[in-house]
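Trainee: I have a structure to go through with you. May I show it first and then ask about it?

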Amino acid sequence: MKTYDTRFGPFSIADEEVWHCIAPMPGFTDLQRFALLHLPSQGPFVWLQSLDEALITFLLVAPEHFNLQYSQVPHFAKTSGVPMVMVILPQTENGTLQSNSLAPLYFLPETRQFGQWIVEHHEVPTEPLSAAHLPPTELQAQIIVPIQDQSLATGTA
């Protein structure tokens, strides 16, 4: 277990909780180690926190939140995985959240690896937008919740 500084304060993270980037994000190729952090008060959103650079973190959500669906699988995926999209925060007070829909991240929970890949298109399902209040089920067991928020995540006080 090692303590890492993050934009949310220090976190103790075990080696088996570290995610390794196997298909680097353009502009961030030196960043290889990350952790997934979840603040229960933030619903389905997850922070991808760099463990190599404390000030770098990306806000992620399941593609369904933006009514997106991907049938493609990235070239680096040898097993099934979980797609996530980066959230682009609004630049104005009345702006809306957007996603980087053509460059999703693909997480491989079995190996704790992920990468970004460029897609040519995405499918838009006919169902309404997702109303999920939690991150994807496939990733929940591998997301770190800050100690002060663990009672919120478990429903205890």
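Trainee: Which residues does S99 touch, not counting residues up to four places away in sequence?

Mentor: S99 touches F66, L68, V85, M86 and I88, where contact means heavy atoms within 4.5 Å. This is a predicted model, in which local features need pLDDT of at least 70 and side-chain atom pairs count only at pLDDT 80 or more, while totals for chains, interfaces and linings use all residues. Residues are numbered from 1 along each chain as its sequence is written, and side-chain values use heavy atoms, with hydrogens and water left out.

Trainee: Is S99 buried or exposed?

Mentor: S99 is buried, at a relative accessible area of 18%. Buried means under 20% relative accessible area, exposed means over 50%, and partly exposed lies in between (1.4 Å probe, protein chains only).

Trainee: And where is S99 placed?

Mentor: S99 is in strand 8, residues 98-99. Strands (E, at least two residues) and helices (H or I, at least four) are DSSP runs, numbered from the N terminus. The protein chain has 10 strands and two helices.

Trainee: New topic: how many salt bridges are there?

Mentor: The count is one salt bridge, meaning a side-chain nitrogen of Lys or Arg within 4 Å of a carboxyl oxygen of Asp or Glu. The side chains of R33 and D52 form this salt bridge, at 2.9 Å from N to O. R33 lies in strand 4 and D52 in the loop between strand 5 and strand 6, so the pair ties together parts that are 19 residues apart in sequence.

Trainee: What is the relative accessibility of R33, and that of D52?

Mentor: R33 is partly exposed at 26%, and D52 is partly exposed at 33%.
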